[in-house]
Amino acid sequence: MNWLNASFTLFGEHILWTDLIGNVLSLAVVWFAMRKTIWTWPVQLTGALLLLAASWHAAAPGNALKQGLFIGLALFGWWSWSRGKRSDHGLLVRQATLRERLVLLAALAIGTAVVAQLFIHLDWLKVAWSPWANAYIFVGSAVATFAQSRALVDFWIIWVLVDLVGVPLALKSGLYVSAAVYGIFFVMVMAGFRNWLRESGDQRQTSPRNKAVTA
């Protein structure tokens, strides 16, 4: 499995191919999500597998665990969107209800507190820099991906909040490609939020049949 450790040097920095390709696929996921295509999920699954390998090599157990969670969420999202595509009305993009937003925020807050304690007290999960930041990114990424699987416009906003912490954390972990990608994510996420928000409004005047997930 030597290919998992394959790397090159760019501007004096050690870059893992798994980190580079995994993050390229992560950017592709955002583009696919903007278009509401089912390809969002198999691409996200592949990217998570590669970033899992990169995080393991970089001795970043929290990030590795996050990618493992992403693998499960990608499979769930793939199933959920596939089911929506097969239904009569297709998968509808919509804004979260007040109750859903409160549940998402509660999951983010409580999850961050619980995971931070795991990062602090479990030897194999301990991180050298800001366990709370690691926990926030871990839980925030999971909450955003779950909201995405439910086609909630609000998932874009959660990703923005994750990005604001993800850049410095990735730099501290030595995952320079990941840090750069987080910055690009921010721009793409804002564009995706605008598109989904507009579509969720348009759906109030159009037939649900016209808003199915694309192939």
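## Crossing of H2 and H5

Helix H2 (residues 40-57) passes H5 in a left-handed crossing, a term used when the near helix is turned anticlockwise from the far one by less than a right angle. This is a predicted model, in which local features need pLDDT of at least 70 and side-chain atom pairs count only at pLDDT 80 or more, while totals for chains, interfaces and linings use all residues. Residues are numbered from 1 along each chain as its sequence is written, and side-chain values use heavy atoms, with hydrogens and water left out.

The axes of H2 and helix H5 (residues 131-149) come within 12 Å and cross at roughly 160 degrees, the axes being lines fitted to C-alpha atoms over the stretch in contact, with angles from 0 to 180 degrees between N-to-C directions. H2 and H5 are therefore roughly antiparallel to each other, as angles over 145 degrees are classed. On the H2 side the contact (heavy atoms within 4.5 Å) is made by Thr40, Trp41 and Gln44, and on the H5 side by Thr145, Gln148 and Ser149. By residue class, the contact of H2 with H5 has one nonpolar residue, five polar and no charged.

## Aromatic pairs

The structure holds ten aromatic pairs, where rings of Phe, Tyr and Trp (its six-membered ring) pair if their centres lie within 6.5 Å, and planes under 30 degrees apart count as stacked, over 60 as edge-to-face and the rest as tilted. In one of these, the rings of Trp41 and Trp81 have their centres 5.5 Å apart and their planes at 90 degrees, so the pair is edge-to-face. The pair links distant parts of the chain, since Trp41 lies in H2 and Trp81 in helix H3 (residues 61-86), 40 residues apart. Both Trp41 and Trp81 are buried, which means under 20% relative accessible area with a 1.4 Å probe, protein chains only.

The rings of Phe155 and Trp156 have their centres 4.4 Å apart and their planes at 35 degrees, so this pair is tilted. Phe155 is buried, with a relative accessible area of 1%, and Trp156 is likewise buried at 1%. Ring pairs link Trp41, Trp81, Phe155, Trp156 and Trp196 into a cluster.

## Positive phi in two loops

Lys36, although not a glycine, has a positive phi of about 60 degrees; Lys36 is placed in the loop between helix H1 (17-34) and H2 and is buried, with a relative accessible area of 4%.

Ala151 also has a positive phi, near 60 degrees, in a residue other than glycine. Ala151 is found in the loop between H5 and helix H6 (155-173), and at 0% relative accessibility Ala151 counts as buried.

How values were computed:
Helix = DSSP H or I, 4+ residues; strand = E, 2+ residues; numbered from the N terminus. Buried < 20%, exposed > 50% of the residue type's maximum accessible area, 1.4 Å probe, protein only. Parallel < 35°, antiparallel > 145°, perpendicular 65-115°, else oblique. Nonpolar A, V, L, I, M, F, W, Y, C, P; charged D, E, K, R; others polar.
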